Amino acid sequence: MTDIPIQELVEQQAELKRCVSRLSFVGMGISQDLDESLKDLRELIKSEASVEEVKQQVEVISKLLLTLEDEKEKLDQKVEVLEQETNFFHLFKNSPLPNELKLALKKAEKSSSSSQAIKISKSIVDVILDYVSKINDTAPPAKQGGLFSNLFNRLSKKDFKDDSASVSDTLTSNVPEELRSSLQHLIEQLSAIDHYREIATKLNEKVSLLNSIMELADILELITGAFVNIASHEHEQLERFLKSLDKRIERVNTFISNTSHYSQVIAKNSEQLDQDIQGSVLDIKTGVETATSLPEVKEQLYRKMDMIVSKVNQFCIEQESEREILHKSIESLQEQLRATEDESSRLKEEFAAQRMRAQTDPLTHLPNRYSYNERLTQEYNRWRRYRSPLSLVICDIDHFKQVNDQYGHEAGDEVLKKVAHFLQVSLRESDFVARFGGEEFIILLPETPLIDATKAMNKLRQGIKDLIIPFENYSISVAVSIGISEFENSDTAKAVFSRADQALYRAKEKGRDQVCCQRAQRNH
């Protein structure tokens, strides 16, 4: 009678261990220390460790989670400080701009809850910075400073006071096509997210009707607000998941504690039953030895057997009650485990999709500028460590504005997609190509010296020239100009990019449809 409950208990304990082991995978990836602690927990379960050892390991994990919560609070405080440092009013209030533009820019002030939103703000400022630098060719070079501080400092306060009328005229003049194109490229990144496609459509309409730089404030406000909302939503989702995970792990800890108590109760009850049975058997033996007649022996034997059966029945009843409690706890834990696994899978898929969208150009489906920056950091670090050849290429479609003007912007988009696809399928698997902006592409060629890179890019240039791009009733052909530079000596990524850009400029000057390269200057 006692074998059945004990066997069921063993099976239930085994099932519990499997549940706890699976649950431990939910918290993987949050921190290295937590990963190692969860791995240790699985090893303890796998090696059939004692309940006490498992309980101690769960306590270690609980302390780690509390530490992670403290670190999260500190990170939130840092983000709050960073928000204050990047406040739009702080950025623009000291800028030498007309009061009307200052008031308009002040409307774009938005609070940010993540570093992603700050990056987007910086990219917006880059657009304006490029434009301001072009409309003030005569301004002296700005003092080296931060990205935001350089935005309007290219116009010195003295020059602004001396020529405020001309600057005001410039700010109210027509917006160049290049600036409009850059803004549309930013909006493309936003349109890749389903929930913000309607906003992106409105922004495109505003950009198409943009007549002066004075009208930029509303567009900046809409773009920044959208990206801030996206970042905030992601932050809130992750925070909710971590809180629910903490509560579920706490329930697992409670369940393990209850199981430990249950095991102790079983051991105690089993020991008591054993003592009772042994005592009854000893009483039977003594009774048999002292009895004077067979009926007396029979009576004592029946009485003691009834006592043994009663004790065993009582033990089984108590075990069945405890087993029912444990069974309900296991069912509850399994339900929590399934919910956690489902939520974890959903969040992983959503974050993976969002990361892919954030790093992919929605028009060409090539990696975008942010993805390029990440890959450049990886390749640059690898080059510094192993000193294997690494070349950087800038590729620009020639007379792309004429394509837009002659055939329309949809034709221009089709040209970009076809050229991007050709670049992607023509390069090696180890190479990297990204859309850098507008009609410009950037390529990284690992294990490729400058001479080999030049040969490969000439072949690529000819392949693009031979492309026939059908659009409606037209067959469109384009050419590209290419600039190349190789990482040498103690080069920085910025220096190599600058040389490749200079080489591209020479290719344009020489008549376009050219490949030019430029090495680093040798120090004699």
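**Helix 14 and its two sides**

I began with helix 14, where the face turned away from the buried side carries Asp-405 and Gln-406, both exposed. The model I am reading is a predicted one, and I keep that in mind throughout.

I then asked which residues of helix 14 (residues 400–407) are buried. They are Phe-400, Val-403 and Asn-404. Looking down the axis of helix 14, I find its buried residues within an arc of 95 degrees, so they line one face of the helix.

What do the buried residues of helix 14 pack against? I noted strand 1 (390–397) and helix 15 (409–426) as their partners.

**Aromatic pairs**

I next searched the whole structure for aromatic pairs, and the search returned 6. One of them is formed by Trp-383 and Phe-487, whose centres are 5.5 Å apart with 55 degrees between the planes, and the pair is tilted. Trp-383 lies in helix 13 (residues 369–386), while Phe-487 is in the loop between strand 6 (480–486) and helix 17 (493–509), so this pair ties together parts that are 104 residues apart in sequence.

Because Phe-436 belongs to strand 2 (residues 432–437) and Phe-497 to helix 17, the pair ties together parts that are 61 residues apart in sequence.

For the accessibility of this pair, I wrote down that Phe-436 counts as buried at 12% relative accessibility, whereas Phe-497 is partly exposed, with a relative accessible area of 22%. The cut-off matters for this reading, because buried means under 20% relative accessible area.

I also checked which aromatic cluster holds these residues, and found that Tyr-372, Phe-436 and Phe-497 form one.

**Arginines over the rings**

Last, I looked up which charged residues lie over the faces of Phe-436 and Trp-383. Arg-369 lies over the face of Phe-436, at 4.2 Å from the ring centre. Over the face of Trp-383 I found Arg-387, at 4.2 Å from the ring centre.

Definitions and conventions: Residues numbered from 1 in each chain as written. Predicted model: local features only at pLDDT ≥ 70, side-chain atom pairs only at ≥ 80, totals over all residues. Heavy atoms only, no water. Phe/Tyr/Trp six-rings, centres within 6.5 Å; stacked < 30°, edge-to-face > 60°. Helix = DSSP H or I, 4+ residues; strand = E, 2+ residues; numbered from the N terminus. Buried < 20%, exposed > 50% of the residue type's maximum accessible area, 1.4 Å probe, protein only. Lys NZ or Arg CZ within 6 Å of the ring centre and 35° of its normal. Arc of directions from axis to C-beta. Contact = heavy atoms within 4.5 Å.
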